[in-house]
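Subject: Structure handover

Hello,

Here is the structure I said I would pass on. My notes on its salt bridges follow below.

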Amino acid sequence: MRRRQTPSQTVGPFFAFGLTPGQYGYSALSSIADGTMAGPDTPGRRLRLEGRVFDAGGETVPDAMVEIWQADATGRYPDGRSNTGFAGFGRCGTGTDPEHRFVFETIRPGPPGDGQAPHLNVILFMRGMPRHAFTRIYLADEAEANASDPVLSTVPPERRGTLLAAPGSRDGVYLFDIHLRGERETVFFEP
């Protein structure tokens, strides 16, 4: 008998208690993570990532949940022993912002090694998706490192722009929208 993975369930508001309670009006509850990933003592250049999730019709998704995991400024992933206030992990729902944005306050990641460019790992959850989606965010101003990244190089050249966060009008702000379908559909990876 061959065993198979148990099927996933559609992500819905029943996850709100521990994940993004504010998004569903549970103001008395707190989440185990939020969009603030770096404390005031965390070494590195500050980075604010702002974006929205767009559905197949081009409308913003008001109840998506975006998780980010990243290396610190030296390229090391947190192992729980750091006292610099850097979590390396954050979670943000799109339902508490009037524009349905996700916002992360963090630091610029360093290159984690093996030829990889600095990047942020992303997991997207939302209603109607039986499985969460995985992608990466690369910084557009890291062109040289991006050109040799082994993961980014597997993406067809005409689609690589869907993984690049563009610098915003303010210093340290990057903009990155996730498109589920359409001409600008974000590249997603298999887990």
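A salt bridge here is a side-chain nitrogen of Lys or Arg within 4 Å of a carboxyl oxygen of Asp or Glu. This is a predicted model, in which local features need pLDDT of at least 70 and side-chain atom pairs count only at pLDDT 80 or more, while totals for chains, interfaces and linings use all residues. Residues are numbered from 1 along each chain as its sequence is written, and side-chain values use heavy atoms, with hydrogens and water left out.

The structure contains 11 salt bridges. One of them joins Arg 48 to Glu 105, with 2.2 Å from N to O. Arg 48 sits in strand β1 (residues 46–54) and Glu 105 in strand β4 (residues 101–107), 57 residues apart. Strands are DSSP runs of E, at least two residues, numbered from the N terminus.

For accessibility, buried means under 20% relative accessible area, exposed over 50%, and partly exposed in between (1.4 Å probe, protein chains only). Arg 48 is partly exposed because its relative accessibility is 23%; Glu 105, at 32%, is also partly exposed.

Glu 50 pairs with Arg 101 in a salt bridge of 3.5 Å, N to O. Glu 50 is in strand β1 and Arg 101 in strand β4, so this pair ties together parts 51 residues apart in sequence. Glu 50 counts as buried at 10% relative accessibility, whereas Arg 101, at 21%, counts as partly exposed.

Glu 50 also forms a salt bridge with Arg 170, at 3.3 Å between the closest N and O atoms. Arg 170 lies in the loop between β7 (164–167) and β8 (173–175), so the pair ties together parts 120 residues apart in sequence. Through shared partners, salt bridges join Arg 48, Glu 50, Asp 97, Arg 101, Glu 105 and Arg 170 into one network.

Regards

How values were computed
Helix = DSSP H or I, 4+ residues; strand = E, 2+ residues; numbered from the N terminus.
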